[in-house]
Structure formats: C-alpha cells, structure tokens
Amino acid sequence: MSHFDERSGTVPCKTPWGSWTQTVEEVFIEVDVPEGTKGKDIVCNIHPNNISLSVSGKEIFKGKLTETIIEEESVWTLEDRKLIRIVLIKSDRNASNCWTSLLESMYKCDPYMFDQMEKKLTLERFQNENPGFDFSGAEITGNYHQGGPDLKPN
C-alpha cells in the first residue's frame with residue numbers, strides 16, 4: 001500500500017468473501033478463510049486478464065478482471081492462517097483508471113463507494129504530482145471523475 005493510503009485510508013468494496021480496494025497503481029483483495037487454512041489448501045491463479053481463487057477445493061471467485069494487470073508483479077499471501085491478501089499491479093496506472101468492479105459484472109461497487117474510490121484516486125494523483133504537499137486529509141469536490149482535471153501547463 002502506498003504511503004498516501006496509509007495516511008488517508010482506503011475505500012473498501014465489500015464482498016461475500018471479504019473486500020477489495022484500489023490505488024492508482026494496485027488493486028488489493030482480502031479474502032477471509034477458515035482459521036487454520038494452510039498455503040497448500042490455496043490455489044490462486046493470476047493472469048493479465050483473469051483471476052481465480054479456491055480454498056480446500058471450494059471456488060471463492062473466478063473470472064475476467066475489469067482491467068489488465070501485470071501478472072509477474074502480482075502476488076498473494078496467507079496471513080495468520082485466516083486471511084488471504086492478493087495484490088494486483090495495474091497495467092494502466094493513472095487516476096482515470098478507477099475500476100468499477102473487481103471482475104467483469106461481479107463484485108461491483110455501489111455508486112457511493114465508487115464515487116469515494118474516484119475521490120481517493122484523484123487525491124492520490126495530486127499527491128504524486130505534488131510530493132511536497134500532504135493531501136491525505138484533503139476533501140475534494142467538483143471535477144474529480146476520471147482522475148480530475150488535467151492541471152499540467154501547456
């Protein structure tokens with residue numbers, strides 16, 4: 001998770017198995033699994049356009065990702081034998097690439113949560129463009145959809 005998100009928090013999209021959230025560069029997936037789960041019980045296949053996860057032979061999710069990711073930089077871990085964390089690295093790393101759902105037509109954020117995600121990604125973009133400023137506690141209104149306005153000088 002980027003330094004900006006550690007200070008400003010994330011906007012999680014809840015799912016039946018846990019949640020997912022995103023930054024400008026990454027998508028984070030958290031999956032609650034039965035306590036005592038071992039790494040050998042997990043089958044996680046990550047590809048540029050699709051992902052699947054099963055635990056002890058039970059499919060948790062499987063499908064086409066909303067956008068393309070970088071397979072060789074994406075990873076999963078099992079924490080405390082009860083939580084799977086998956087980090088997907090986005091191919092298109094800009095604030096206008098705010099995923100509306102994790103998988104095509106599945107695990108879609110409700111409109112309010114998507115709006116909050118867009119705000120966070122736009123603030124993260126401003127932070128990246130202006131490293132001397134702290135936008136972690138900032139509020140944003142107005143044109144923040146699709147990454148906000150282009151503020152670069154002509």
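User: What makes both faces of E2 count as covered?

Analyst: This is a predicted model, and in it Gly-18, Trp-20 and Gln-22 on one side of E2, together with Ser-19 and Thr-21 on the other, are all buried. Buried means under 20% relative accessible area, and since residues on either side meet that cut-off, both faces are covered. In a regular strand the side chains alternate between the two faces of the sheet.

User: Why is E2 called largely enclosed?

Analyst: Five of the five residues of E2 are buried, so the strand is largely enclosed by the rest of the structure. Helix H2 (residues 111-129) packs on the sheet and touches E1, E2 and strand E8 (83-90), its direction making about 40° with that of E2.

User: How do you know that E2 pairs with E3?

Analyst: Two strands pair if at least two bridges are found between them, and five bridges join strand E2 (residues 18-22) to strand E3 (residues 26-32), which run antiparallel. Gly-18 stands opposite Val-31 in E3, while the bridge partner of Thr-21 in E3 is Phe-28.

User: Why are E1 and E7 called edge strands?

Analyst: The open sheet has the order E1-E2-E3-E8-E7, and strands E1 (13-15) and E7 (69-79) each pair on one side only.

Technical notes
Residues are numbered from 1 along each chain as its sequence is written. This is a predicted model: local features need pLDDT of at least 70, side-chain atom pairs count only at pLDDT 80 or more; totals for chains, interfaces and linings use all residues. Side-chain values use heavy atoms; hydrogens and water are left out. Helices (H or I, at least four residues) and strands (E, at least two) are DSSP runs, numbered from the N terminus. Contact means heavy atoms within 4.5 Å. Axes are lines fitted to C-alpha atoms, for helices over the stretch in contact, and angles run from 0 to 180 degrees between N-to-C directions. Buried means under 20% relative accessible area, exposed over 50%, partly exposed in between (1.4 Å probe, protein chains only).
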